[in-house]
Amino acid sequence: MAARPEVVFFTPYAGPLITGSGSTGGAETQLILVARALRARGRRVALAVFGEADGLPTDLDGIPITALPRPPSGGGRARLVAGLLRRVDADVFVQRAAGSYTGVVGLAAQIRRRRFIYSSASDFDFDPLYFDHDPTARRLFPVGIRCAHTIVVQTDAQAALCRSAWGREGFVIRSIAEAAAQRTAEPEAFLWIGRMVDYKRPEAFVELAARVPHARFWMVGDPSPRVRALAKQRPNVELLPARPRTELSALLDRAVAVVSTSVKEGMPNVFLEGWARGVPALALAHDPDGIIERHGLGAVAGDSPARLAELATKAWDARSRQQDVAARCRDHVARKHAAGEIAAQWERALALSRVRGG
């Protein structure tokens with residue numbers, strides 16, 4: 001009989017990432033990368049994913065996968081707890097990103113007398129108004145935080161938010177970056193990748209294109225009618241459909257910079273994926289822990305669209321002379337976000353949860 005896993009990562013929406021059939025969010029990407037890194041260090045890890053058993057592989061690179069039925073709306077959360085208890089077991093349950101599932105997984109771990117680690121995915125996780133639109137999450141998320149033996153946060157800023165919002169100490173583990181070869185293609189366009197939701201301000205990227213009409217801009221995602229209409233007016237904007245992560249490499253390799261127009265984030269995966277290849281970041285507002293400016297990994301506009309246009313113009317004009325910034329980006333990723341180092345930090349978090357959980 002196989003030994004019980006040390007860790008199970010609840011990654012409900014990772015199916016498309018596992019099968020390579022579509023795009024997923026950053027939370028799923030991070031947990032899959034962490035699971036692989038821990039597996040490489042000899043840890044017994046497992047994944048719990050929404051999907052039918054015949055639609056998912058039984059394992060991912062040797063990591064067992066348990067298929068969970070997607071719960072219906074309404075009372076589905078209670079049934080999901082029951083499903084987790086029937087199908088999933090491990091010494092530690094891990095769930096990432098604020099929501100009702102934080103409470104679901106926390107309760108399932110508590111009922112089983114297992115340890116629970118909550119992992120933050122965004123600065124929004126600590127915003128008391130974040131769940132105003134979702135009463136179920138507003139009720140269940142605090143339950144999960146109370147169940148958590150350890151809270152893992154992405155940045156020093158999130159550790160401070162954790163103390164002020166929840167009165168808890170966060171264990172800082174930087175996001176993991178997948179190794180990539182330095183890009184050799186010529187930079188061709190500014191690149192924006194993400195869900196086109198309000199806080200990411202996709203319209204600001206189209207506005208940037210209007211302010212820098214001589215540059216090219218690629219926008220990857222599923223645009224709203226408004227974004228599509230605005231982009232149609234800008235011949236230098238190309239809308240590209242959302243795609244699996246494996247198909248983003250060619251675009252990243254040809255990017256002048258990876259652009260973020262978000263109000264706030266956590267540590268954007270697209271920054272890490274760009275830096276790993278030597279592609280700088282260009283942010284309208286969000287600079288996690290101030291590292292973009294402090295380490296010279298790109299530029300930040302201080303939430304000024306006019307300043308963002310100035311920075312983009314400068315980056316466009318210097319797009320064939322990025323050797324220095326590329327070296328800084330790759331060096332930063334190697335020192336702060338490499339898989340082996342991040343996995344070692346997760347091992348310390350697992351040990352910490354054991355101390356706190358008994």
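In which handedness of crossing does α7 pass α12? The crossing is right-handed, meaning that the near helix is turned clockwise from the far one by less than a right angle.

## About the model

This is a predicted model, in which local features need pLDDT of at least 70 and side-chain atom pairs count only at pLDDT 80 or more, while totals for chains, interfaces and linings use all residues. Residues are numbered from 1 along each chain as its sequence is written, and side-chain values use heavy atoms, with hydrogens and water left out.

## Where α7 meets α12

Helix α7 (residues 202-211) and helix α12 (residues 305-317) have axes that come within 9 Å and cross at roughly 60°. Helices here are DSSP runs of H or I with at least four residues, and strands are runs of E with at least two. The axes are lines fitted to C-alpha atoms over the stretch in contact, with angles from 0 to 180 degrees between N-to-C directions.

On the α7 side, the contact (heavy atoms within 4.5 Å) is made by E207, L208 and R211. From α12 come P305, A306, L308, A309 and A312.

## Helix α4 and its cover

The 13 residues of helix α4 (residues 100-112) should span 18 Å at 1.5 Å a residue, and its end C-alpha atoms are 19 Å apart, which agrees. The expected span is 1.5 Å times one less than the number of residues.

Just after α4, R113 takes a positive phi of about 60°.
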